[in-house]
Amino acid sequence: MESQSYHHRADTAASLPPSRAPRPLRWLVVGVVASIALLIALPIVMMIDQAGLRAAIEEDTGGGLNPEWKDWVLVATIVYAVVLHLIDVALLLWLVPRVLRGRNWARITLTIYLVVATYFSLYSAAQGAMFLWAVIPTDILHVLMIGLLWIPASSRQHFKPQTERTSGAQAHRS
């Protein structure tokens, strides 16, 4: 009899709809939208300000770049930025809904992405100051988003298995 009631409770908990994401994780969406805007803006600015990008490339290479290669390096830099940022946007758009649904693997993956993206953006910023207007706010957003994923108790609770959340809520009611 005891085992039947346990299984009945587990089945009921598993069939409950996923809970609404807590407020800190809903703020995560705002950070992601702002990050995506910056990820899209950076390659666009690179395309518009090719003279500035060319100057940054020349400064980075010490002016020793063969003139035949300058246009190729400029185009390759822009293409690299576009492709990399499109991958970043796709990853964010794929991971965030899963984070909001309480998938812990998505929270861990998003955290790893944010740490790696911050590292590489800081590395890029160290190479030249042309894009600090995008790097600084993006990195601040990354750190804030990591905090929203891990620090608030409501966020941590959101990633517990559904049965733990349900039994925890029942224990609080008793």
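**Group meeting: a walk through an all-helix model**

Let's start with one side chain: Trp105 is partly exposed, with 42% of its relative accessible area open. Before I go on, please keep in mind that this is a predicted model.

What is the partner of Trp105? Trp94 forms an aromatic pair with Trp105, and the pair is tilted, with 5.5 Å from centre to centre and 50 degrees between the planes. Trp94 sits in helix 4, residues 67–100, and Trp105 in helix 5, so this pair ties together parts that are 11 residues apart in sequence. Trp94 also counts as partly exposed, because its relative accessibility is 41%.

How many aromatic pairs does a search of the whole structure find? There are 3 of them. Another one of these is made by Tyr119 and Phe120, and this pair is edge-to-face: 5.0 Å centre to centre, with 80 degrees between the planes. Tyr119 counts as exposed, because its relative accessibility of 52% is over 50%. While we are on rings, have a look at Arg107 too, which lies over the face of Trp150, at 3.7 Å from the ring centre.

Now let's step back to the whole protein. It has 8 helices and 0 strands, and read along the sequence the pattern is α-α-α-α-α-α-α-α. The protein has 174 residues, of which 32% count as buried. The accessible surface comes to about 10900 Å², and 68% of that belongs to carbon and sulfur atoms. If you take the contacts between residues at least 6 apart in sequence, 74% of them join residues at least 24 apart.

Residues 27–48 are 100% helix and 0% strand, with the end C-alpha atoms 32 Å apart. Residues 108–125 are likewise 100% helix and 0% strand, and there the end C-alpha atoms lie 26 Å apart.

Ser121 lies in helix 5, residues 104–127. Is Ser121 buried or exposed? Ser121 is buried, because its relative accessible area of 16% is under 20%. A polar atom of the Ser121 side chain lies 3.0 Å from the backbone oxygen of Thr118. Leaving aside residues up to four places away in sequence, Ser121 touches Val135 and Asp139.

Thr138 has its place in helix 6, residues 132–150. Thr138 is buried as well, with a relative accessible area of 11%. Which backbone oxygen lies 2.6 Å from a polar atom of the side chain of Thr138? That oxygen belongs to Ala134.

One last stop, over in helix 2, residues 23–48, where we find Ala34. Ala34 counts as partly exposed, because its relative accessibility is 29%. Along the chain, Ala34 and Pro137 are 103 residues apart, and their C-alpha atoms are separated by 9.1 Å.

Notes: Residues are numbered from 1 along each chain as its sequence is written. This is a predicted model: local features need pLDDT of at least 70, side-chain atom pairs count only at pLDDT 80 or more; totals for chains, interfaces and linings use all residues. Side-chain values use heavy atoms; hydrogens and water are left out. Helices (H or I, at least four residues) and strands (E, at least two) are DSSP runs, numbered from the N terminus. Buried means under 20% relative accessible area, exposed over 50%, partly exposed in between (1.4 Å probe, protein chains only). A polar contact is a pair of N or O atoms within 3.5 Å; within protein, one must be able to donate a hydrogen and the other to accept it, and residues adjacent in sequence count only if both atoms are side-chain atoms. Contact means heavy atoms within 4.5 Å. Rings of Phe, Tyr and Trp (its six-membered ring) pair if their centres lie within 6.5 Å; planes under 30 degrees apart count as stacked, over 60 as edge-to-face and the rest as tilted. A charge sits over a ring if NZ of Lys or CZ of Arg is within 6 Å of the ring centre and within 35 degrees of the ring normal. Accessible areas come from the Shrake-Rupley method with a 1.4 Å probe; for residues, only the protein chains shown count as cover.
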